[in-house]
Amino acid sequence: MIDVRLTAVSKRFAKSSDSAAVDDVTVTIGAGEFFTLLGPSGCGKTTTLRMVAGFYFPTSGHIHFGDDDVTHWTPNKRDTGMVFQNYALFPHMTVAQNVAYGLKVRRVSRAEQARRVTEALEQVHLAGYGDRRIDALSGGQQQRVALARALVIRPRTMLLDEPLSNLDAKLREETRAEIRRIQRESGTTSIYVTHDQAEAMAMSDRIAVMESGRVQQVGTPHEVYYQPANAFVARFIGRSNVLSLPVTGAAEQRVQVRLPGGATIEVGAPAGHGLTEGDTALVSARPEHIAVGGDDDTAAMRGRVSHVEFTGMATHVTVDVDGDEVMAALVDAPAGIGLGDVVGLRLAPERLWVVKP
Ligand code: ADP
Ligand code: MG
């Protein structure tokens, strides 16, 4: 197992253009880690992955696999297993022929090929499928063949670019668990690309949240969810309300803010937040940390219900507070919350977190 390090990696496609597709990215992916690049379309995820694979060279910066500086190595020298959204399987070959492809190219003996193909198909729970035609398989099975084909060469790193995007919702959830199981068992250092935050949260050891070519935050799913670094991360991971509140006091990792209802509360803040009394803090409040109800004195703020959405797991109640929309997610919504009602909102201060703009 090896770690993968990106140091100040940038990629510009056009020399004349000022904006970089990938802009000064520094991250270390630990040996055996399942690491995800997460961000909206166009933020530079695929470009970053292609530089790790060797399909693009960085404009500046360095990439290391363990002690090897691979920045300018060709793709075949890097020993990476790649899995793509469109599977990229050979439709006219059998499952076994597809999986064996990388071994054949590497001139592995026929006996060894057969042994390793069997082993790889067992790994992805497709034992006995070797003689099937690719077009006779479901999308989920085809993606598992693609995984087996990547794993069979025993790559130093696995690179997966939105591999589940072509599957429908239920199969996507099943297959993401399957990919994670296979990765755990093989222990291969893996970099996974997705724009789907739920997928990233469910699968990853750690996540790098990207926007406009830059890494906004690197952390565990818990860290990026409960301690988002800035308003972009707070809104992109899950659904967060970002409230602007006046600061009435500050300590090293706590900030006291005044709520629209007049009460003051203490909320968590990152070290070095730099806020002092008189500033305005941006405070991230998750919908599930806001409750609807409470009398005038205890309500953090009051507003008029502008939208109610029943999702099954929770009821999402959107409340207009002086022109700002605040969303609460209620597992047990009190009966009779209706459009236009004036309601109080209560916050769970211990769950609130100060973010940067
Ligand atoms: P993502 O995978 O996050 O959707 P990409 O890495 O594909 O984003 O793209 C990042 C940016 O780089 C986008 O603005 C995209 O248009 C640009 N880009 C990607 N590939 C090329 C290319 N081969 N030539 C020029 N621009 C590119
Ligand atoms: Mg992409």
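Biologist: How many bridges join β17 to β18?

Modeller: Strands of a sheet pair through backbone hydrogen bonds, either parallel or antiparallel. In this predicted model, β17 and β18 run antiparallel and are joined by 7 bridges. Two strands count as paired if DSSP finds at least two bridges between them. The strands themselves (E, at least two residues) and the helices (H or I, at least four) are DSSP runs, numbered from the N terminus. Within this pair, Asp320 stands opposite Glu325 in β18. The hairpin of β17 and β18 has 2 residues between the strands, and Asp322 takes a positive phi near 50° there.

Biologist: On what conventions and confidence does such a reading rest?

Modeller: Residues are numbered from 1 along each chain as its sequence is written, while chains are lettered from A and ligands numbered from 1 in the order in which they are written. As this is a predicted model, local features need pLDDT of at least 70, side-chain atom pairs count only at pLDDT 80 or more, and totals for chains, interfaces and linings use all residues. The term pLDDT denotes the predictor's confidence in each residue, from 0 to 100. The protein chain averages 93, and 98% of the residues score at least 70. The model scores are ipTM 0.99 and pTM 0.93.

Biologist: Which strands form the open sheet that includes β17 and β18, and in what order?

Modeller: The open sheet has 5 strands in the order β15-β19-β16-β17-β18, with antiparallel pairing. The edges are held by β15 (290–292) and β18 (324–330); each has a single partner strand, so one side of each lacks a neighbour in the sheet. Direction ignored, neighbouring strands here are turned by 45° against each other on average. Further inside the order, β16 (residues 301–310) and β17 (residues 315–321) pair in the antiparallel sense over 6 bridges. Val305 has Val319 in β17 as its bridge partner.

Biologist: What is the pairing in the sheet of 6 strands?

Modeller: The pairing is mixed in that open sheet, whose order is β6-β7-β8-β3-β9-β10. Here β6 (80–84) and β10 are the edge strands, each with a single partner strand, so one side of each is left without a neighbour. The twist averages 15° from one strand to the next. At one end of the order, β9 (residues 206–211) and β10 (residues 214–219) run antiparallel and are joined by 5 bridges. Ile207 has Gly219 in β10 as its bridge partner, and Met210 stands opposite Val215. In the hairpin of these two strands, with 2 residues between them, Ser212 takes a positive phi near 50°.

Biologist: With which strands does β1 pair?

Modeller: Strand β1 (residues 4–11) pairs with β4 (residues 60–65) in the antiparallel sense over 5 bridges, and Thr7 stands opposite His62 in β4. Antiparallel pairing over 5 bridges also links β1 to β2 (residues 22–29), where Arg5 stands opposite Thr28.

Biologist: At what angle do helices α3 and α5 pack?

Modeller: Axes are lines fitted to C-alpha atoms, for helices over the stretch in contact, and angles run from 0 to 180 degrees between N-to-C directions. Helix α3 (residues 95–105) packs against α5 (residues 139–151) at about 30°, with the axes 7 Å apart. This makes α3 roughly parallel to α5, a term for angles under 35 degrees.

Conventions. Angles under 35 degrees count as roughly parallel, over 145 as roughly antiparallel, 65 to 115 as roughly perpendicular and the rest as oblique.
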